[in-house]
Amino acid sequence: MLFVPTAMHVYLLLGFFGVGALISLVTVLGTVQRVARMISYGAAVLGSAYGTVLSLSILTSGTVLTLAHASPFTALTYSIRIDALAAFFMLIISLGSLAASVYGYGYSGRDSHIRPGVFGFFYTLFIGCLYLVVMANNALFFLIAWE
């Protein structure tokens, strides 16, 4: 067992991708395209590596994480559940996105017509939503993450 997973670890995992997406979107306004590429791919690499460690920790410890935040609307409850099956799919997402992020950093510098800040925003947002899809414990929250 690597560590005992808690709610803070899940929020930290999603925070890597959220912060990476926002910072890379902010750099679109400036002329620092190389910085936008480094931030978006760096956040994706860090988040994917952390996702690997978190999913392995959940798989080895056998814990089940359940997080829920109430909403005034019953159907819009934010609910996450990570069990062994979700952790297995998180491991697959983590390893795939880690490899894609390491390779994509060098590859994305070749295309001059793609703005790295915009691409980095959507790339890190996509990976974060992949995690949310396998963690969703509510049908409506699943559909929102899926979209």
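## Tyrosine 105 and its neighbours

Let's start with tyrosine 105, which touches Arg37, Met38 and Tyr41, if you skip its neighbours within four places in sequence. Here, contact means heavy atoms within 4.5 Å. Tyrosine 105 sits in helix 3, and helices are DSSP runs of H or I with at least four residues, while strands are runs of E with at least two, both numbered from the N terminus. At 28% relative accessibility, tyrosine 105 counts as partly exposed. That label has cut-offs: buried is under 20% relative accessible area, exposed is over 50%, and partly exposed is in between, using a 1.4 Å probe and protein chains only. Along the chain, tyrosine 105 is 65 residues from serine 40, but their C-alpha atoms are 9.1 Å apart in space.

A quick word on what you're looking at: this is a predicted model, where local features need pLDDT of at least 70 and side-chain atom pairs count only at pLDDT 80 or more, while totals for chains, interfaces and linings use all residues. Residues are numbered from 1 along each chain as its sequence is written, and side-chain values use heavy atoms, with hydrogens and water left out.

Serine 101 is in helix 3 and is buried, with a relative accessible area of 1%. Leaving aside residues within four places in sequence, serine 101 is in contact with Tyr41, Ala44, Val45, Tyr123 and Ile127. Methionine 90 is also in helix 3, and its relative accessible area is 0%, so it counts as buried. Not counting residues up to four places away in sequence, methionine 90 touches Leu13, Leu54, Ser55, Ile82, Tyr131, Val134 and Met135. Methionine 90 and serine 57 are 33 residues apart in sequence, and 11 Å apart from C-alpha to C-alpha.

Now look from the side of helix 2. Valine 45 lies in helix 2 and is partly exposed, at 27% relative accessible area. Its contacts, not counting residues up to four places away in sequence, are Leu98, Ser101 and Val102. Serine 55 belongs to helix 2 as well. Is serine 55 buried or exposed? Serine 55 is buried, because its relative accessible area is 0%. With neighbours within four places in sequence set aside, serine 55 is in contact with Ala87, Met90 and Leu91.

What about the length of helix 2? The expected span of a helix is 1.5 Å times one less than its number of residues. After helix 2 comes glycine 62, with a positive phi near 75°.

## Helix 1 and its bend

Helix 1 covers residues 7–26 and reaches 28 Å from its first C-alpha to its last, close to the 28 Å expected for its 20 residues. Where does helix 1 bend? Find glycine 15, where the bend is about 25°; that is the angle between axes fitted to the seven residues ending there and the seven starting there.

The buried residues of helix 1 are His9, Val10, Leu13, Leu14, Phe17, Gly20, Ala21 and Ser24. They pack against helix 2 (33–61), strand 1 (65–69), strand 2 (78–82), helix 3 (84–108) and helix 4 (116–135).

## Helix 4

Helix 4 should span 28 Å given its 20 residues, and its end C-alpha atoms are 28 Å apart, which agrees. Among its buried residues are Pro116, Gly117, Gly120, Phe121 and Tyr123. What covers the buried residues of helix 4 includes helix 1, helix 2, strand 2, helix 3 and helix 5.

Zoom in on glycine 120 in helix 4. Glycine 120 counts as buried because its relative accessibility is 1%. Apart from neighbours within four places in sequence, glycine 120 is in contact with Ser24 and Ser40. Glycine 120 and isoleucine 23 are 97 residues apart along the chain, yet their C-alpha atoms are separated by 9.2 Å.

## A nonpolar patch

Finally, check the surface. Phe73, Leu76, Leu140, Phe142, Leu143, Ile144 and Trp146 form a nonpolar patch with about 720 Å² of accessible area together. Leucine 140, one of these residues, is in helix 5 (residues 139–146) and is partly exposed, at 31%.

Patches are made of residues with over 30% relative accessible area and no salt bridge, with like charges joined within 9 Å and nonpolar side chains (Val, Leu, Ile, Met, Phe, Trp, Tyr) within 5 Å. A salt bridge is a side-chain nitrogen of Lys or Arg within 4 Å of a carboxyl oxygen of Asp or Glu. Accessible areas come from the Shrake-Rupley method with a 1.4 Å probe, and for residues, only the protein chains shown count as cover.
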